[in-house]
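This report sets out local features of the structure shown below.

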Amino acid sequence: MTDLSKLSDGEIISMYSSIIKELKSRKIIRTKNVLGELGEYLAIQYYNNTPGLPKLQVAPVGTKNIDAISRDGDRYSIKATSNNTTGVFTGVDFDKDGNPLKQYFEYIIICQFNDDFQLLNIYQIDWKSFIKHKHWHSRMKSWNLTITKELINESVIIKQKSSSCHF
């Protein structure tokens with residue numbers, strides 16, 4: 001492995017660019033949102049390679065609110081994080097009384113990574129749990145989730161820290 005500390009700033013930036021291009025060519029990521037795309041890719045791979053879990057396929061590019069669809073037609077939103085707060089759920093709208101305008105997905109898969117991009121945990125919650133645990137992110141003007149003990153206790157624990165995920 002290359003000692004990165006011996007490389008110039010330009011060499012590091014070029015290497016990063018090459019890695020992004022290679023991840024795209026392998027269809028691991030589609031955009032430059034590395035953590036989010038990695039979460040989607042690994043979640044779908046994990047579900048598809050684990051007996052008893054639904055088989056998922058990537059939602060078509062441009063599909064709003066969801067990232068994957070099961071063979072049974074269930075819609076999944078996948079969020080990746082390296083801390084305890086997910087990214088935001090854009091386009092998930094509620095009326096003035098706080099009621100959702102519609103059900104946007106059946107399930108959320110939360111992929112929790114460490115700082116070295118190793119997948120530690122995968123939690124799955126349903127729509128009702130999302131409604132219960134959602135928080136307003138005022139700067140982003142959208143909803144997100146905080147991974148709390150209560151949320152974990154209500155989730156289906158798909159994978160927990162005990163082992164690394166290698167694909």
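This is a predicted model: local features need pLDDT of at least 70, side-chain atom pairs count only at pLDDT 80 or more; totals for chains, interfaces and linings use all residues.

## Strands 6 and 7

Tryptophan 136 has tryptophan 143 of strand 7 as its bridge partner. Strand 6 (residues 134-137) and strand 7 run antiparallel and are joined by four bridges. Four residues lie between the strands of this hairpin, and lysine 141 adopts a positive phi near 55°.

In a regular strand, side chains alternate between the two faces of the sheet.

Is serine 70 buried or exposed? Serine 70, a residue of strand 2 (residues 68-70), has a relative accessible area of 5% and is therefore buried, since the cut-off for that class is under 20%. Beyond residues up to four places away in sequence, serine 70 touches Pro54, Lys55, Leu56 and Tyr76.

Proline 54 sits in the loop between helix 2 (34-49) and strand 1 (56-58). Its relative accessible area is 29%, so proline 54 is partly exposed. With neighbours within four places in sequence left aside, the contacts of proline 54 are Tyr47, Asn48, Ser70 and Tyr76. Proline 54 and lysine 132 are separated by 78 residues in sequence and by 24 Å in space, taken from C-alpha to C-alpha.

## Helix 2

Helix 2 comprises 16 residues, and the distance from its first C-alpha to its last is 22 Å. This span is close to the 22 Å expected at 1.5 Å a residue.

Which residues of helix 2 are buried? They are Val34, Gly36, Glu37, Leu38, Gly39, Glu40, Leu42, Ala43, Ile44, Tyr46 and Tyr47.

## Nonpolar surface patch

Leu4, Ile12, Met15 and Ile19 make a nonpolar surface patch of about 310 Å². Isoleucine 19 belongs to helix 1 (residues 9-25). With a relative accessibility of 44%, isoleucine 19 counts as partly exposed, because that class lies between the 20% and 50% limits.

In an α-helix, residues three or four places apart point the same way, because there are 3.6 residues a turn. Among the members of the patch are Ile12, Met15 and Ile19.

How values were computed: Residues are numbered from 1 along each chain as its sequence is written. Side-chain values use heavy atoms; hydrogens and water are left out. Patches are made of residues with over 30% relative accessible area and no salt bridge: like charges are joined within 9 Å, nonpolar side chains (Val, Leu, Ile, Met, Phe, Trp, Tyr) within 5 Å. Accessible areas come from the Shrake-Rupley method with a 1.4 Å probe; for residues, only the protein chains shown count as cover. A salt bridge is a side-chain nitrogen of Lys or Arg within 4 Å of a carboxyl oxygen of Asp or Glu. Helices (H or I, at least four residues) and strands (E, at least two) are DSSP runs, numbered from the N terminus. Buried means under 20% relative accessible area, exposed over 50%, partly exposed in between (1.4 Å probe, protein chains only). Contact means heavy atoms within 4.5 Å. The expected span of a helix is 1.5 Å times one less than its number of residues. Two strands pair if DSSP finds at least two bridges between them.
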